[in-house]
Amino acid sequence: MSSATPLPEILPDTDSETKTRRQPPYAVILHNDDVNGMEFVVEVLRKVFGYTVEKCVKLMIEAHEKGRSAVWIGAMEVAELKADQIHSCGPDPHQKAKGAQPLGVTVEPAA
């Protein structure tokens, strides 16, 4: 018979606390744009976020009147993806001759 050495008991470390740290939310900010058409802005917001026409119009008007509008808030990686999707829609094809650029968006920590 072999003599088995008992394994020492392993107890959890009671001094350390495990806390899940949530990443702070980030906002996709739409900036005012006087060149791209209002219909185009609404169309892009609907395409990227799937919002209703009414919500898109509200966000677009907020950006127009206040200079900026938080159009989405969530995880940084998703916010960056949404900003890229907006930018990849390009400028309003009806306003290109007037110098239209893709919609101005930034990703910022949500306040």
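**Helix packing and the core**

The axes of α1 and α3 come within 10 Å and cross at roughly 140°, where axes are lines fitted to C-alpha atoms, for helices over the stretch in contact, and angles run from 0 to 180 degrees between N-to-C directions. That makes α1 oblique to α3, since angles under 35 degrees count as roughly parallel, over 145 as roughly antiparallel, 65 to 115 as roughly perpendicular and the rest as oblique. The crossing of α1 and α3 is right-handed; a crossing has this hand if the near helix is turned clockwise from the far one by less than a right angle, and is left-handed if anticlockwise. On the α1 side the contact is made by Val 44, Val 48 and Phe 49, and on the α3 side by Lys 82, Gln 85 and Ile 86, contact meaning heavy atoms within 4.5 Å. Four of the residues in this contact of α1 with α3 are nonpolar, one is polar and one is charged, with Ala, Val, Leu, Ile, Met, Phe, Trp, Tyr, Cys and Pro counted as nonpolar, Asp, Glu, Lys and Arg as charged, and the others, Gly among them, as polar.

The model is a predicted one, in which local features need pLDDT of at least 70 and side-chain atom pairs count only at pLDDT 80 or more, while totals for chains, interfaces and linings use all residues. Residues are numbered from 1 along each chain as its sequence is written, and side-chain values use heavy atoms, with hydrogens and water left out.

Helix α1 (residues 38-49) also packs with helix α2 (residues 53-66), at an angle of about 120° and with their axes 9 Å apart. That makes α1 oblique to α2, and the crossing of these two helices is right-handed. Met 38, Val 41, Val 42, Leu 45 and Arg 46 of α1 make the contact with Val 53, Cys 56, Val 57, Leu 59 and Met 60 of α2. By class, this contact of α1 with α2 has nine nonpolar residues, no polar ones and one charged residue.

In the protein as a whole there are three helices and three strands, which are DSSP runs numbered from the N terminus (H or I, at least four residues, for helices; E, at least two, for strands). From the N terminus on, these elements run β-α-α-β-α-β. Of the contacts in the protein with a separation of 6 or more, 71% are between residues 24 or more positions apart.

Buried residues make up 31% of the 111 residues (buried means under 20% relative accessible area, exposed over 50%, partly exposed in between, with a 1.4 Å probe and protein chains only). The largest nonpolar core has 22 residues, and those with the most contacts inside it are Val 28, Leu 30, Leu 45, Phe 49, Val 71, Ile 86 and Leu 103; such a core is a set of buried Ala, Val, Leu, Ile, Met, Phe, Trp, Tyr and Cys residues joined through side-chain atoms within 4.5 Å. At least two residues of this core come from each of β1 (26-31), α1, α2, β2 (68-74) and α3 (76-88), and α1 gives the most, with seven residues.

Leaving aside neighbours within four places in sequence, Val 71 is in contact with Val 28, Leu 30, Leu 45, Phe 49, Tyr 51 and Leu 59. Trp 72 lies in strand β2 and, not counting residues up to four places away in sequence, touches Tyr 26, Ala 27, Val 28, Phe 49, Tyr 51, Val 78 and Ala 79. Glu 43, found in helix α1, is exposed, with a relative accessible area of 53%.
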